Amino acid sequence: MNKARKFYLSKKILQKLTVLLGWIGLLLCILPQHGKAQDIPASEIAAIVTLDSFVVTAQRKGFSIKDFVGLVQTDQSFYQAFRNLRFVNYRATNNVQFFNKKGHSVALHQSTTQQHSDGTCRSMETLARHIGGHYMKKDGDLRYYTAKMFEKVFFTQDTICDDPTDTTIDSEQNLKGIQKHYKALKRLIFQPGEKVSVPFIGKKMAIFSPDMMEYYDYSIHSVVSEQGRDCYVFRLEVKPAFKDRKKKKTVVKFMETYFDKENFQVIARNYHLTYRGAFFSFDVRMEIDLSYIQGKYLPSRIQYDGWWDIPFKRQEKGRFEVHFNDFRVP
């Protein structure tokens, strides 16, 4: 095989890895990273969790730290919320921007979309759309891989039908190429205790595994959310000793999940993910808010702010925010 052929193959592999990283930047942040097979028992984590005075008082009144940690580890609210989105009617406002190295906006996508669903099949209507800057190439293709990822996740082309009673994660069998990478990543997010191959960072995302536990501080706080709801917040953060050294040991730098005290429903999650390596680097922050409507978890706001860098590709720095509203369950 000549050098040109090898170079072409390496670029092709890197392009696939680029799209995969786009999914990491989004899906890792909106869905839990907790498995079952390799998780530390909740009782062991509970023993090292830092509590604020309000939580200590609640503990004296019967609040169980062990049960709460177990709830955090097994929570599937975000998976359910984004799956439920397939089966309801809603309106979304989308704002996507890309920036150059100096922080100036160079590309823009703003739109309002309406999803129509009969409870099984869904389609999407674009009510308004504005494209600015270098968002599109001259041939009409999207210029940025992050934009492709965004539209693949949030925009529906044609009509798609799913079984609302099937809650299993899509199988990787009979899939090839980038579609297999998508499914592998989904399995990593939804069932990280299972064997899934994601280059360089797969094991580092299991934030409750014995190998990763030593790098984190865990805490529970009592706070009032921005929506004015009284919440318990489970937070993990890389220990100070590992923030400046051994940077490649962790990918999840910060994560907090808000639980409504009244019913322990998850209402928000915030993440910070960072990795710097020879083959790729990324730094992503996400904020996700959930609503609970007619007995269903549904996302109400998603905010993404991040960049990644891949060899042979232009560094991308992007930001997007999506607001979901006007939900109607068929």
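Is R91 buried, partly exposed or exposed? Select R91 to begin: at 34% relative accessibility, R91 counts as partly exposed, where buried means under 20% relative accessible area, exposed over 50%, and partly exposed in between (1.4 Å probe, protein chains only).

Before moving on, note that this is a predicted model, in which local features need pLDDT of at least 70 and side-chain atom pairs count only at pLDDT 80 or more, while totals for chains, interfaces and linings use all residues. Residues are numbered from 1 along each chain as its sequence is written, and side-chain values use heavy atoms, with hydrogens and water left out.

**Stop 1: around R91**

R91 is found in strand β2 (residues 89-99). Helices (H or I, at least four residues) and strands (E, at least two) are DSSP runs, numbered from the N terminus. Now show the neighbours of R91: leaving aside residues up to four places away in sequence, R91 touches T112, T113, Q114, L127, H323, F324, N325 and D326, contact meaning heavy atoms within 4.5 Å.

**Stop 2**

Switch to cartoon view and follow the strands. Twelve of them form an open sheet with mixed pairing, in the order β1-β6-β7-β8-β9-β10-β11-β12-β2-β3-β4-β5; two strands pair if DSSP finds at least two bridges between them. At the edges stand β1 (50-51) and β5 (160-161), each with a single partner strand, so one side of each is left without a neighbour in the sheet. Further in, β9 and β10 pair in the antiparallel sense over nine bridges. To see one of these, select R269, whose bridge partner in β10 is I288.

**Stop 3: salt bridges**

Select E287 and R301: they form a salt bridge whose closest N and O atoms are 2.9 Å apart. E287 lies in strand β10 (residues 281-293) and R301 in strand β11 (residues 296-309), so the pair ties together parts that are 14 residues apart in sequence. E287 is partly exposed, with a relative accessible area of 32%, whereas R301 is buried at 13%.

Then move to D305 and R319, another salt bridge, with the closest N and O atoms 3.4 Å apart. D305 lies in strand β11 and R319 in strand β12 (residues 316-328), so parts 14 residues apart in sequence are tied together. D305 is partly exposed at 26%, and R319 is partly exposed at 36%.

**Stop 4: the nonpolar cores**

A nonpolar core is a set of buried Ala, Val, Leu, Ile, Met, Phe, Trp, Tyr and Cys residues joined through side-chain atoms within 4.5 Å. Of the 66 residues in the largest one, Y216, F234, F320 and F324 touch the most other members. Centre on F234, whose contacts beyond four places in sequence include V49, F68, V72, F208 and M255.

**Stop 5: aromatic rings**

What describes a pair of aromatic rings? The distance of the centres and the angle of the planes. Rings of Phe, Tyr and Trp (its six-membered ring) pair if their centres lie within 6.5 Å; planes under 30 degrees apart count as stacked, over 60 as edge-to-face and the rest as tilted. By this rule the count comes to 15 aromatic pairs. Select Y232 and F264: their centres are 6.1 Å apart and their planes at 20 degrees, so the pair is stacked. Y232 is buried at 7% relative accessibility, while F264 is partly exposed at 32%. For an edge-to-face pair, go to Y292 and Y297, at 4.9 Å centre to centre and 65 degrees between the planes.

Finally, colour Y90, F150, F154, F155, Y304, F320, F324 and F327, which form one aromatic cluster.

Definitions and conventions. Salt bridge = Lys/Arg side-chain N within 4 Å of Asp/Glu carboxyl O.
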